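Have the viewer open as you read.

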Amino acid sequence: MHRVVVLGGGWSGLVVAIHVKSLYPSADVICVDLDFGGGLLRSEVVGSYLFDVGGSHVVFSRRRDVLEGILSLGGEWVSRGRASFVLLNGTFVPYPFENGIYALPPEKRARYGLSLIRALIEQRDERPRNFREWLLRTFGREVAEDYLIPYNEKIWKRSLDQISADWVYIPGRLPLPSLDEIVKAVAGIPTVGYREQSVFYYPRRGGIVKQWEAAYRRAEALGVRFLRERVVEVKRVGGEFLINDRFKADRVVSTLPLNEAPQIFSLPEEAFKVARRLDYNSVVVVGVGLRRDAPQRHWIYVPDKRYPFHRYAWISNYGEDAPPGRSALIAEITVQRGQKVDLEGLKHEVVQGLVELGELREGEVDVVTGWLHEYGYPIYTLSHSSDVGNLERFLREMGVVPFGRWGIWQYWNTDRIFEEAQKLIL
């Protein structure tokens, strides 16, 4: 193996490049992307306020070796005890909801506790037909209808019976209720759910982009080369690949969006038809800088459909960048692909919504800014599994290895991407 080219320079591309170069030190590993800026792991300073412009991202893992592997890439980190909530009818219920109901009045604890216990008793072996069915079966009607269904309809912008439940089986993707913890919560006893995320890590200063920068520096130190160029065409020529008609590779790993693969790799017409079925949401992130300290909270889930954002986060509580008397938060809004976005209008709606929720007063607002990201969330359509499998097959038959959240269209956190990269064998 002489030259390996990794297409894409986001988190997925960097951890793959590091892994390949570590496995094959003599290989010429090149990472190709038009913009080496962190992708969704990007941070910006606007008017002295630091924002993570791709949304709320933190580092945690159910596997200690994966967590230590990410942290060992470099940089300074701080650990935080999670202070996250579901904002339900004006009450901050500690996250995850099934553990946090201890904070509710007795009648509501009984309502949601019965919902969760009935779901556990009535569990069935057959796989649910769709995501809505999975929510009802797993959490019961009351928890599902009051919280999880409206919340997920806000994120996915689709009827949940048109979304597959496959993604909920990704290990560590979602917290699941436990009978012992539900009983304690109904009794008003605090418990900690989703334990692997209960303590998370975050760069001490500079925002989440420092996670990406640490990986970039590690790759560079190992001898990975970086080429700033948009990938428009990859051909198979004999036993080699020709990229943009300019340079060759013996092996190619693609973290580029899978729906763009047929065009880039000149796949058969059938692949174009399959790719058109892949669906996704874009995401808008609105940043608000305030002339006051933040409350002692991290991220908050908002199922109430009167507000455009499904989640907001006091990002200034993550690291140590905020000076006294200043704070920053970000709010996340999903948008169906191709939908026209009124960024100024959304910025106004976010501020007004946060005022209505009592999280801020307009006189405290110093900065309001926003960003639109084309690729935010892959959608697990009912044909997702077969469609992704078929496109992967086309690429692997060509000798291309697809990888990453968008490269194989999977809803993976950064820890899962790091974990899967360590398994990659070329």
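## The sheet

An open sheet is built from 5 strands with parallel pairing, in the order E9-E2-E1-E13-E19. Strands here are DSSP runs of E with at least two residues, numbered from the N terminus, and two of them pair if DSSP finds at least two bridges between them. Strand E9 (225-228) and strand E19 (400-402) are at the edges with a single partner strand each, so one side of each has no neighbour in the sheet. From one strand to the next, the twist averages 20 degrees.

Strand E1 (residues 3-7) pairs with strand E13 (residues 251-254) in the parallel sense, over 4 bridges. Leucine 7 has serine 254 of E13 as its bridge partner.

## About the model

This is a predicted model, where local features need pLDDT of at least 70 and side-chain atom pairs count only at pLDDT 80 or more, while totals for chains, interfaces and linings use all residues. Residues are numbered from 1 along each chain as its sequence is written, and side-chain values use heavy atoms, with hydrogens and water left out.

## The helix pair

Helices are DSSP runs of H or I with at least four residues. Helix H4 (residues 106-121) packs against helix H5 (residues 131-156) at about 155 degrees, with axes 7 Å apart; axes are lines fitted to C-alpha atoms over the stretch in contact, and angles run from 0 to 180 degrees between N-to-C directions. H4 and H5 are therefore roughly antiparallel, a label for angles over 145 degrees.

The contact (heavy atoms within 4.5 Å) includes Arg111 and Tyr112 of H4 and Leu136 and Phe139 of H5.

How values were computed
Angles under 35 degrees count as roughly parallel, over 145 as roughly antiparallel, 65 to 115 as roughly perpendicular and the rest as oblique.
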